[in-house]
Amino acid sequence: MILRQLFDSTSSTYSYLIASRHGAEALIIDPVIEKVDRYVQLLKELDLRLVKAIDTHLHADHITGLPALRERTRCITVMGEQAKADVVSIRVSDGEHVDIEGISLKALYTPGHTDDSYSFLMADRVFTGDTLLIRGTGRTDFQNGDPRAQYDSLFGKLLMLPDETLVYPAHDYKGDTVSTIGEEKAFNPRLQVKSVDEYVELMNSLDLPNPKMMDVAVPTNMRVGLAQDVVAEKGWALSAEQVKGSLGRPEIALIDLREEQERRKEGVIPGSLHVPYPRLEGELEEGGLLQQLAKDTGKRLIFYCAFGERSAMAVQAAQRAGLNASRHMQGGLQAWKSVGGSLRN
Ligand SMILES: [Fe+2]
């Protein structure tokens, strides 16, 4: 396995680049915008293909690298379903998985620092965002932070993991890089409380200054979605209403770019084909399924996904591959549901 802990000294943020081996798919947790060139260079050097970029929560102390990485690598962006970001490609909820080739992260909803905070469990290690820090915990005094919720996230979830579980936080201000659950239970001063009330009192008495970047970072990090209007201006978008009107016509082929987990949870548009987004580039090449489908049958490909982000990237890729009739459904399944489009399980 490849695990690189990358540091941004301005915001004291740790980002994590993870892959199962050289030549494989990779994901990154909590990337920082100023470091995107470095990440892209490292991906190249390690022969990795970035397919997912995750933010553990909406950050207040740095600007996220999610949109820049999506632009540069066409990766999928991932946040929790509670995140107030405008659009991300995939929204996960508690217990769902974020998978890439050879790696599976389990999303644990751990609110408290913010109401959209997630931790990600990967076998014997956990990426704790700002919920659990080394000898500390994330502040709970803004962004709908809640010390009571954080107590439950800590004592009811993270500290229930085996003592030897490695803890990788999103920040460290003292130079520590990794800890374990057992070590934090024993030595983290914030965790030596006897009750939830004691924890609440401790957190409410911290009286910390606001992060320097907060007024810039929070609003910026809320606008991370791909500009689907730009794709629409090129004439490559269809509204959910338009797609609904053409459902069942023989000259169209609807392509679902989502993952199995999303399809099971939300349902599928009847009659659509499944081509998960990471397989798209290959299927658009000469001899690929989508290239053949469009060329041999003359069908118009209409891509869809959860929120229209993967499909917007897919239609651009299809146009580049010469499939000029292809379109995507703007707003994804969310828009489809809003117009009462049918779904099957
Ligand atoms: Fe944070």
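**Close-up views of the predicted model**

View 1. Tyr 118 has 1% relative accessibility, so it counts as buried (under 20% relative accessible area; exposed is over 50%, partly exposed lies in between; 1.4 Å probe, protein chains only). The model is predicted: local features need pLDDT of at least 70, side-chain atom pairs count only at pLDDT 80 or more, and totals for chains, interfaces and linings use all residues. Residues are numbered from 1 along each chain as its sequence is written, and side-chain values use heavy atoms, with hydrogens and water left out.

Rings of Phe, Tyr and Trp (its six-membered ring) pair if their centres lie within 6.5 Å; planes under 30 degrees apart count as stacked, over 60 as edge-to-face and the rest as tilted. By this rule there are nine aromatic pairs. In one of them, the ring centres of Phe 7 and Tyr 14 are 5.2 Å apart with planes at 45 degrees, so the pair is tilted. Tyr 109 and Tyr 118 have ring centres 5.1 Å apart and planes at 40 degrees, so this pair is tilted.

**View 2. An aromatic cluster.** Phe 7, Tyr 14, Tyr 16, Phe 127 and Tyr 168 form one cluster. Phe 7 is partly exposed, at 39% relative accessibility. Tyr 14 is buried, at 5%.

**View 3. The iron site.** His 57 (NE2), His 113 (NE2) and Asp 130 (OD) are the protein donors of the iron ion, lying 2.1 to 2.2 Å from it. Donors are N, O and S atoms within 2.8 Å of the metal (3.2 Å for Na, K and Ca); water is not among the atoms, so sites may look incomplete. Along the chain, the donors follow the spacing H-x55-H-x16-D. His 57 lies in the loop between strand E4 (49-54) and helix H2 (66-73), and His 113 in the loop between E8 and strand E9 (118-122), so the pair ties together parts that are 56 residues apart in sequence. Helices (H or I, at least four residues) and strands (E, at least two) are DSSP runs, numbered from the N terminus. Both His 57 and His 113 are buried.

View 4. Strands E7 (residues 97-100) and E8 (residues 103-109) pair in the antiparallel sense over four bridges; pairing requires at least two DSSP bridges. Ile 100 has Ile 103 in E8 as its bridge partner. Two residues lie between the strands, and Gly 102 takes a positive phi near 80 degrees. The covered face of E7 carries Val 98 and Ile 100; the uncovered one carries His 97 and Asp 99.

**View 5. A charge over a ring.** The charged end of Arg 91 sits over the ring of Phe 307, 5.9 Å from its centre. The rule asks for NZ of Lys or CZ of Arg within 6 Å of the ring centre and within 35 degrees of the ring normal.
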